[in-house]
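Here are a few notes to read alongside the model. Have a look at it first, and then we can go through the points together.

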Amino acid sequence: MCGIVGYLGSNGAYEILIQGLKRLEYRGYDSAGVALVTCDGSLNVHKARGKVANLEQTAAAGCTEGSLGIAHTRWATHGEPNDINAHPHVSQSGEIALVHNGTIENYSVLKEALTEHGYSFKSETDTEVLVQLIDYIKHTSSCTLVEAVREALLQVEGAYAVAVVEKGDPDTLVVARKSSPLVIGVGEGETFIASDATPIIGYTDKVIYLKDNEIAVIRRNEPLSIVSIDSNAPSEIDIQKLKLSLAQLEKGGYDTFMLKEIFEQPSTLRDCLRGRITDDCSRVVLSGVELNKERFLKAERITLCIRGTSWHAALIGKRLIQDFCQIPVEVEYASEFRYGNPVLNEKDIVISISQSGETADTLAAIQLAKEKGAFVYGVCNVVGASIPRATDSGTYIHVGPEIGVASTKAFTGQVTVLTLFALAVGQLRGAIDADTVREVATALKAMPEIIEETLKCDPEVQTLSRIFTYAHNFLYLGRGYNYPTALEGALKLKEISYIHAEGYPAAEMKHGPIALIDHEMPSVIIAPSDSLYDKIISNVQQVKSRGGAVVAIVSKGNTAMNDIADFCIEIPSVPECLTPLVASIPLQLLAYYIAVGKGKDVDQPRNLAKSVTVE
Ligand code: F6R
């Protein structure tokens, strides 16, 4: 949610910042802007509403020189997306420029005080208040920029990752963070800063993950220094090696990142499973569970705490954990959990699932759960992000960078890790028999090949999608393990095609949604040959008898459904608990091709951002 990038070195900053913004654009694309300090100290700012490409056009008319600069791509929170509200914001004196990711919660109080001191504001943003506050402190206390930034941040409530530069000083870049991510890339004679590591890849593999409440001062030809915002005491500088490659950030011949990510799933699941199932498939080994056996043995309840697509993965996880571990499980939206006064103690395990590892509500829920004595387990994708650092233990899904805003490979990675987790904890607690472990682990190990097979439905789904680009509403129905799959299928369609879609437990349809069904409202019904198949057949018939078109997702070899549903898409047969993994593939493709058919920007759908770092 908003991306920031900065550069100080010997090369031209502008190109590096623009390329960096393009890699961060998944975090928001309402507007973009850049501030550059030339070697003689002049400050040039360019901003434009919309995507980075618009900024490039605007900036081309002005000066883009300088080897120090900061830039921003915005997902609007305070103030509509326009040029004035775009970052960087410049102080009233014209001397200080700042970019910000996060939310300044006490901005209105600060704004009022600054107005009394003669400051006026051009934008509606919370960020402009911060830059004016820094300006005010600097001028009234005659201190350095870094001192003014630190002093201002002490007065700020909320979340921030900020980068600040000053007119007249082409040699200093100040950055700080609290609850919003910030990575520093350490190159040879050059330093990069960004909201995540993607803009840094290709320049250096040495990175520092700035910690909460730290401020870093980057000066030309001087060693980097990091201090605590609260105490001003020096912090330890921990340089880590980045393991991402440039190829992972490119489309690799696909039209979009989303399609690449759908088709990458055989290999991402291979990475996700690597080393976690023994050769004979008799055991699942997750170090995060092994190292904390006592907590898992004494656990009396597990609460999964998440948002969005990760919530759907969690609903599947609930079923898996209940089936294999015999522990009561609850699933909570992190945004509700954090304000719901949850009753927790040291016999509770809270699992937080997050692709980005930065979702604000999920992070707040983790802190609350820890304060109440629960053991917090993370299931994350982005290595080194805030959530894996805040949890007591966890498992990475290792599916590589997910750039398409609609989550695909992260969802199947999350479901895979939750299956491994349920098997590992079930074994540990003696709640699952050896034959079930072997059966599920064997099928899970073969999942990369099974998904490869499933993806062969692509041409068929593409053809089918053309029939449905007209639809204004869709119903997705599933039962048992596949009720969450239906929710996820509906979310994918909504997000990228802007068609209204609802996911429902198939049997509940009779209690309301059936009233919506007519020949203009198609239903996608997930009907693998599992324990609930016979029940779902009657749901299909109920839709058909009311004139609704049915697309059924069925197990290979099920020819009976051809006589009832309008269209059938076959998926390979797998154990029931693994059907969501295979059934979600045609649903991802269906949403994708319908959206493409409607001419939508599937990688960057309107109003969305990939990493939701605000409440
Ligand atoms: C939907 C989607 C979002 C995220 C949600 C949580 O395709 O991507 O619903 O799942 O914003 O994000 P993470 O998993 O990063 O915490």
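How many aromatic pairs does a search of the whole structure find?

1. The search finds 14 aromatic pairs, counting rings of Phe, Tyr and Trp (its six-membered ring) whose centres lie within 6.5 Å. One involves Tyr-7 and Phe-192: the ring centres are 5.2 Å apart and the planes stand at 55°, so this pair is tilted (planes under 30 degrees apart count as stacked, over 60 as edge-to-face and the rest as tilted). Tyr-7 belongs to strand 1 (residues 3-8) and Phe-192 to strand 10 (residues 191-194), so the pair ties together parts 185 residues apart in sequence. Strands here are DSSP runs of E with at least two residues, and helices are runs of H or I with at least four, numbered from the N terminus.

2. A word on the basis: this is a predicted model, where local features need pLDDT of at least 70, side-chain atom pairs count only at pLDDT 80 or more, and totals for chains, interfaces and linings use all residues. Residues are numbered from 1 along each chain as its sequence is written, and side-chain values use heavy atoms, leaving out hydrogens and water.

3. A polar side-chain atom of Glu-495 lies 2.8 Å from a ligand oxygen, and for a side-chain N or O atom of Lys-492 the distance is 3.0 Å.

Terms used: Polar contact = N/O pair within 3.5 Å; in protein donor to acceptor, adjacent residues only side chain to side chain.
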